[in-house]
Amino acid sequence: MIQEYDKELLLKIAYKLKLGQASPEEQDYFDRWYREHKDDILELPEGYVPYVEMIRDRMHENIMYRITAEQFPKNKKYPKKWWSIAAAALLIMGLLFYFQNNGNVNGSDPKQAAVDTVILPGTQSATLTLSDGKEIKLSEIKTGETVKADGALITKAADGNLIYEVDHTFTGRMKLNTVATMNGETYTINLPDGTLVWLNAGSSLKYPVVFDKKERKVTLTGEAYFEVASNKKVPFSVVSGKQTVEVLGTHFNINAYDNEKYIKTTLLEGRVKVKNDDVVSILNVGQQSRVNKEKDGIDVLEVDLEEAVAWKEGYFRFNNESIESVMRKVARWYNIDVSFQGVISKEKFNGTVSRNKDIDQVLEILELTNAVHFKIKGRRVIVME
């Protein structure tokens, strides 16, 4: 006859196991339950309902989108019990969040502990710098609020986007504004000509409030996705370091971070001209140009378009990437410092992970490869083999 177990006690023990604080008796109790019910998922009491969705998402993510290193055979099959084992493991890992916010197992302040340890994903925010040097934190501007500056009316829309409208009564000289995101921030701007720009974390865009009648030129550092408003009479150009991209009206992504080896321009719609000094290449849809910052010339490749704009859609998408490349993306989005301890893994990572997850969830998924492991100290993540 199968023994009846106290589910509330099991949840508390699971939390203690996560922290390494369970007594031998508690661990024995949990192990006996697991041996008898290892094909079952521990049902959560009613008070845990809000967290069930997170656990379900994590189960789905690990099964459908788990990161796999090249060391794993592509056709490797897992036993049917893998689902229930993964569910039980994810439940244990997930309980830390609940008890830090709702339960006080050890008598400490769980809410304060959560604030100190949880590294959350980035948010929609940026800083607008006007031509006179005045800085405006856009997350602090109320929806619908309008600022009149530098020959334009600047409004924060209901969806949080920044919208520019040219003030036709303005007669002064052309002014430049800059919108910049810190690590852990992203923002969307509607420029005066109607062009939409999505800024990724750690990026900035400098642009005139009133575009010239002969050209529309902006300067980008970091990464941005552009949907350029068509105007055949006034070409649109993006300057990133030594590269210039010229368009009439099209959709494309530029990755030009200072700590990346290449400036990558990926075309999703229309055509663009990429210039690097005296070298010029025309991109068609599905192509990506790569400009090596240390060399002359332009390389053009056929690429996965979903990978190029995954950040805009709320995902990390890794395509045969090193752990250094993976962690640069993670660091920008979660605003963390990353260091490596010991030998750096040579494995390549492939897969898709939501950017809406807390960092511990992302790191746990990466650890499923057994190629890397992580230690978190404050806002620093240490990568170990």
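What is the volume of the second largest cavity? The second largest cavity has a volume of about 40 Å³. The structure is a predicted model, in which local features need pLDDT of at least 70, side-chain atom pairs count only at pLDDT 80 or more, and totals for chains, interfaces and linings use all residues. Residues are numbered from 1 along each chain as its sequence is written, and side-chain values use heavy atoms, with hydrogens and water left out.

A cavity is a set of points, on a 1 Å grid over the protein atoms alone, where a 1.4 Å probe fits but cannot get out, and its lining residues have an atom within 4 Å of a point. Grid points are joined across faces, edges and corners, and a volume is the space filled by probe spheres set on the points. Among the residues lining the largest cavity are L128, I136, E145 and K156. Strand 6 (residues 152–156) gives the largest share of this lining, 3 residues; strands are DSSP runs (E, at least two residues), numbered from the N terminus. By class, the lining of the largest cavity has 7 nonpolar, 1 polar and 2 charged residues. Here Ala, Val, Leu, Ile, Met, Phe, Trp, Tyr, Cys and Pro count as nonpolar, Asp, Glu, Lys and Arg as charged, and the others, Gly among them, as polar.

Around the second largest cavity, the lining includes I323, F340, V383 and E385. Strand 22 (337–341) and strand 25 (380–384) each supply at least two residues of this lining, which has 7 nonpolar, 2 polar and 1 charged residues.

Now to the aromatic rings. A search of the whole structure finds 6 aromatic pairs (rings of Phe, Tyr and Trp, the last by its six-membered ring, with centres within 6.5 Å; planes under 30 degrees apart count as stacked, over 60 as edge-to-face and the rest as tilted). One of these pairs, F226 with F252, is stacked, at 5.1 Å centre to centre and 15° between the planes. Because F226 lies in strand 12 (residues 216–227) and F252 in strand 15 (residues 251–256), the pair ties together parts that are 26 residues apart in sequence. Both F226 and F252 are buried (under 20% relative accessible area, with a 1.4 Å probe and protein chains only). Together with F211 and F236, these two residues form one aromatic cluster.

Key: Helix = DSSP H or I, 4+ residues; strand = E, 2+ residues; numbered from the N terminus. Buried < 20%, exposed > 50% of the residue type's maximum accessible area, 1.4 Å probe, protein only. 1 Å grid on protein atoms, 1.4 Å probe; cavity = no way out; pocket = protein on both sides within 12 Å on 5 of 7 lines; lining within 4 Å.
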